[in-house]
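Q: Could you walk me through this one while I have it open? I would like to go through it bit by bit.

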Amino acid sequence: MRFTICAAKPEDCKDIERMIMELAVYEKMPDQVKISHKELERDGFGPNPFYQCLVAEVPEELMSKDGHTKVGYALFFYTYSTWKGRTVYMEDLYVMPEYRGKGIGKALMATVAKVAKEQHCVRLQFSVLDWNKPSLDFYLAKGAEDLTAKEGWHFLRFHGIALDNLAQEAP
Amino acid sequence: MANFILRKAEPKDVSDILRLIKELAKFEEMEDQVILTEKDLLEDGFGDHPFYHCIVAEVPKHHQSADGHVIIGFAMYYFTYDPWIGKLLYLEDFYVMKEYRGFGIGSEILKKLSQTAVRTRCNSMHFIVAEWNKPSIEFYKRRGASDLSLEEGWRLFKIDKQNLLKMTDEE
């Protein structure tokens, strides 16, 4: 299947928003999506972007049944490991179901790896839900290691009210 | 001993920051994994494009450590992006030297970080903790943190340089 992988542009944010929601539905957490294409445009394309994004596009003759040609995306940003230095964290990787199995996911990820290499990053990190077997298999086949299983790392967060409470604690 | 200040790290602090990074890595039983140097920290934190931000805890000279140090704690963080909620503050490392614990320094650092998060419009502060690190997990949970690995099933993965290069070669 013919497709291209390009850096996202501000006008792609509506498609990215659509696919973010599709991925959230797949991850069984659609009610957790609170931002729209407006925040994506402001936060990804200003003078200080908080993320980078790649978009996979197919030619018009291969458009989806709903008329979309933007069929996949990878959203990532730079992070820092106090052990190894510069790293890339891949926050989202998604390809619409009807376009899977054609090498698009692989190409998106390879492009993220290429950007990581150009920026002298030593590692790519990401997270996967423990029940998501298709994704787990996809990543393990590429040499990914499960650090939660291997080293016991857990994700924690201070969210919403918990964060506000922490900020207001009296000295 | 209640006398300490928290301040933004400066280039002159990189040697102390690296010392504390190695101490924390030793506690996490992974000291040999630290390959970062002072030069990396300087370039990556104080160059044109900082990959991280850092605050340090400093005590007056008359309270210096057994080895003569006045920088006795630090927190390294950066901003990341969640496509569901937007900007996040990610806490990469957070450490107070053993002899200075129990005086509220850690709590004060966490409070300062959460204030930074709120001030910069972050909805959440994320970090990882090793599951065997019960004292740290308790410290965070007491303050309202939730464990996303347990609650939602997220597992952390990595792909190291060797496999990243393989992916770019395959394209």
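This is a predicted model: local features need pLDDT of at least 70, side-chain atom pairs count only at pLDDT 80 or more; totals for chains, interfaces and linings use all residues.

Q: OK, and how much area do chain A and chain B bury between them?

A: About 7500 Å² is buried between chain A and chain B, with 62% of it on carbon and sulfur atoms. On the side of chain A, the residues that lose the most area to chain B are Tyr80(A), Trp83(A) and Leu156(A), which together make up 13% of what that side buries.

Q: How many residues does each chain put into the contact?

A: Chain A contributes 73 residues and chain B contributes 73 residues.

Q: What about salt bridges, how many are there across the interface?

A: The rule finds four salt bridges between chain A and chain B, and one of the salt bridges in the model joins Arg86(A) to Asp44(B), whose closest N and O atoms are 3.0 Å apart. The largest share of the side of chain A that touches chain B comes from H3(A), with eight residues, and by class that side has 39 nonpolar, 13 polar and 21 charged residues.

Q: Switching topic, where does Thr111(A) lie, and what does it touch?

A: Thr111(A) lies in helix H3 of chain A, which covers residues 104–118, and, leaving aside residues up to four places away in sequence, Thr111(A) touches Ile5(A) and Leu54(A).

Note on methods. Residues are numbered from 1 along each chain as its sequence is written. Chains are lettered from A and ligands numbered from 1 in the order in which they are written. Side-chain values use heavy atoms; hydrogens and water are left out. Helices (H or I, at least four residues) and strands (E, at least two) are DSSP runs, numbered from the N terminus. Contact means heavy atoms within 4.5 Å. Buried area is the accessible area (1.4 Å probe) that two parts lose on being put together, summed over both. A salt bridge is a side-chain nitrogen of Lys or Arg within 4 Å of a carboxyl oxygen of Asp or Glu. Ala, Val, Leu, Ile, Met, Phe, Trp, Tyr, Cys and Pro count as nonpolar, Asp, Glu, Lys and Arg as charged, and the others, Gly among them, as polar.
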